[in-house]
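Colleague: I am new to this structure and would like to go through it with you. Please show it first, and then I will ask.

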Amino acid sequence: MAVTTNRPILDVHNLSIALPKGSDRPFAAEKVNFSVGSGEIVCLVGESGSGKSVIAQAVMGLLPKSLPVKGGEIRLEGEEIANASEERLRDLRCVRMAMIFQEPMTALNPVMTCGDQIDEVLRTHTKLEAQQRKDKIIRVFERVSMPDPPRIYGSYPHQLSGGQRQRVMIAMALVLEPALLIADEPTTALDVTTQAQILELIKDIQREKGMGVLFITHDFGVVCDIAHRVVVLRLGELVEAGPTRDLLLRPRHPYSRMLISSVPSMLPAERVRHDGAPTVLRTEKLTKIYGGGGMFQKAHAVRAADDVNITVRQGESLGIVGESGSGKSTVARCIARLIDPTEGKVRLGDDDVALLPQRLLRRHRRRIQIVFQDPYRSLNPRRTVGESIVEGPMNFGASQAEANQRARTLMETVRLDPDALDRYPHQFSGGQRQRICIARALAMEPEVLIADEAVSALDVSVQAQVLKLLDEIRERMNLAMLFITHDLRVAAQVCDEVAVMEKGKVVEYGPVADVFLRPKHAYTQALLAAAPGRDWEFGKFEAA
Amino acid sequence: MSIVLENEVDAAAARAAAVARPSIWVRLLRHPSVVIGGCIVLVMMLIGLCAPFLGTIPPAQIDPTTRNKKPGVEITVRQDDGSTVQRTVLMGTDSLGRDIYSRVLYGARVSLIVGFTVAAISIAVGVLIGLLSGYIRWLDGIVMRIMDGLMAIPGILLAIGLVSLFRAGLGTVIFAIVVPEIPRVVRLVRSVVLTIREEPYVEAAISVGTPLHKILWRHVMPNTVAPVIVQGTFICASAVLAEAALSFLGIGIPTDTPTWGNIMAEGRQFFRVYPHNIFFPAIFLTLTVLAVNMLGDGLRDTLDPKMSKRV
């Protein structure tokens, strides 16, 4: 990595940004120092609430009025911009510095074609003729490896895929060849294979143009793939900064150590076999077809789950992995009977619950429980967590006292204070809420526990704890567990077997070590190859 | 051991989550239109309640000797025992010699009763239908087509039709105003239910075997409260207006019970000569509707912040 850092493009010096009164801390960012040289990619890493996005917005001059810069300097190519006028910032944006965002669908205007949106940038900042502008845009589309640039020029954002939209954003950011590119979690909303392509593209262009890139992410895999230098933030304070390799191998601060060692390994963990255990859950030819035409529409059926056969034994954990739209959640929801499968069997022990009508199904509800992705929406905000936990047992005839007693025990199982039962969900953090959801599921004494992306919304350190908790519970209660995830690292750590899904079909299914170390199907191979930081063993530190 | 570490990691997030907002009542009392609108509505209610003690005479009492007096004129009233008293008619008298001031004050009763009852009934019925229609998919098509049908008929026309089917009176008027209001509540509630039923906490309740009525009551219904209260105030205001309109058209409540609408209806013929017949009840009507609407706007801002941004 030949890095030329003669003069920093961006120099952030003692930057402090205030939070509104009544927040849990006085500053969103406090005395933060770092710089980005030309031809350098600097990653700002931190968990949610670390202030990384706020710093990016401060550089672009996009901070909301409620978050004023309280001190320090931001120098862009030597020019102080922390207190620059709105006119000056407008001249600088896109020309000297540009930004790409996490969600390209919301960052693009849905009623303008992609070409027009970039054309607007050129009309504002240059004096080029219409034809020159169009040529320039087509060229930049070619540069970001778009197929058929003239077609993209005339397309609306909704006609493009997520990856293509992000390429349009990158094209827009690059069209005036800025000195600094700020990327705020640009690949977080993308699938892993698309993410790999976008990261490659950013690296490529950065090398070619010698830009400075300030890259914001929470994912150490991405850091490892793209960064030259890393800045670790925690609660608005700079914890540690240094060259990527040094920092990943020899973190000095305990927080960075903790954060890095929380990243699950891609190497499948050694697991106990459950060969002889009885089968708890088996699906046979499980199929879910959406659509199929209404009265006025043409039949347009989507096979969201197609002929899925999986088996989970007692005490075993099966991972279903795949990208968005692969049908992994559909399978989980069919098994939990939150949606009705179109055909096939879901065998729970000896009972087939796939097509049971609601009134016969209720008896079996107890036996399958599910933990959802979003901890902020899976608890009723108007009911105390205690009421949420006891609801299930009381539906099946437990008395209030019994149910309360069980809830207290379960709170200890998930390592929360039993006295917190009469508090409301908003008084808990995301990780704590996810524990409460686990307790609610366990209160039913289920045979199968489904975790539907249950740790995807959590910060990596909290994620590690929740994963550990789930694995302990599975072992202690001898639960059959179905783990739906898009994160191969998570699957590698907590699953015994894994099923890889693509477009509704299971394309590869087997023990996790076989699938991860000797993938047979091309799709599995592509998925594994795209996982960011796949070659890096996180948490294996060298002595400093 | 691990519990300490885990709590430390999560502590910051929990702290951020626990930052309290002022309670709903404090926020309501800080909102100027809630305070002003609420005060006017309260005053109107007090006027209606205390009408007999505010220097009024029976509102239906006819006195042929004091017909069409202008506001502020002093008149002599002969009482039942034969004695006479002097009184100033603050708002004048109508063409039958009835005291407009007394009629307007008593009229507040009918208007407010109609407003609140219509709001309460249409919300109760609308929420029930809306919950069921939004949650039970096969019911939705049927119910919503009926509601669309009801909405296709102009409200006041439907009310006229209903009143003419039954004997005119308070109950009939309330019924006639409730029916066209129900579809509006149903639509509102249904739209809330359609978003809430997809929430993971509702799915979680389904998967722990919660029966339908408990899911609706515990998990879905509470989310409709804020928008429904707001809608309720607007229904209240439009019911007050609708009652006045029906009475004005002469198909509402008979004139022996004074309402702002029928006072105005009776003053209509002599409007050019004696505008006070219409002016005073109109002032009360306008003020009440304005106040209820202000209250509704304020409630919407505080209870339903998303909606206020949209409007």
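Colleague: At roughly what angle do the axes of α9(B) and helix α10 of chain B cross?

Modeller: This is a predicted model, in which local features need pLDDT of at least 70, side-chain atom pairs count only at pLDDT 80 or more, and totals for chains, interfaces and linings use all residues. Residues are numbered from 1 along each chain as its sequence is written, and chains are lettered from A and ligands numbered from 1 in the order in which they are written. Helices (H or I, at least four residues) and strands (E, at least two) are DSSP runs numbered from the N terminus, and axes are lines fitted to C-alpha atoms, for helices over the stretch in contact, with angles from 0 to 180 degrees between N-to-C directions. The axes of α9(B) and α10(B), the latter being residues 260–267, come within 7 Å and cross at roughly 35°.

Colleague: Which hand does the crossing of α9(B) and α10(B) have?

Modeller: A crossing is left-handed if the near helix is turned anticlockwise from the far one by less than a right angle, and right-handed if clockwise. For α9(B) and α10(B) the crossing is right-handed.

Colleague: Which element supplies the largest share of the side of chain B that touches chain A?

Modeller: In the contact between the chains, 25 residues of chain B face 36 residues of chain A. On the chain B side, α1 (2–18), α8 (200–207) and α9 (212–248) each supply at least two residues. That side divides into 16 nonpolar, four polar and five charged residues. Its largest share is 11 residues, from α1(B).

Colleague: What radius of gyration does chain B have?

Modeller: Chain B comes to 12 helices and two strands, and its C-alpha trace spans about 95 × 45 × 35 Å along the principal axes. The radius of gyration is taken over C-alpha atoms, and the globule rule is 2.2 Å times the number of residues to the power 0.38. A compact globule of 311 residues would be near 19 Å, whereas chain B has 25 Å.

Colleague: In chain A, why is one side of β17 and of β21 left without a neighbour in the sheet?

Modeller: The sheet is open and mixed, with six strands in the order β17-β18-β19-β14-β20-β21; two strands pair if DSSP finds at least two bridges between them. Neighbouring strands are turned by 20° against each other on average, direction ignored. β17 (368–371) and β21 (505–511) stand at the edges, so one side of each lacks a neighbour, as each has a single partner strand.

Colleague: Which residue of β18(A) is the bridge partner of A:Q369?

Modeller: β17(A) and β18(A), residues 448–452, pair in the parallel sense over four bridges. A:V371 stands opposite A:A451. The bridge partner of A:Q369 is A:L449.

Colleague: Is A:R337 buried or exposed?

Modeller: A:R337 lies in the loop between α12 and β15 (343–348) of chain A, and its phi is near 60°, a positive value in a residue other than glycine. A residue is buried if 20 or more other C-beta atoms lie within 10 Å of its own, exposed if 12 or fewer, and partly exposed in between, with C-beta atoms placed from the backbone. Because A:R337 has 21 other C-beta atoms within 10 Å, it is buried.

Colleague: How many other C-beta atoms lie within 10 Å of A:S145?

Modeller: A:S145 is found in the loop between α5 (130–143) and α6 (149–153) of chain A. A:S145 has a positive phi of about 55° although it is not a glycine. It is partly exposed, and the number is 14.

Notes. Contact = placed C-beta atoms within 7 Å. Nonpolar A, V, L, I, M, F, W, Y, C, P; charged D, E, K, R; others polar.
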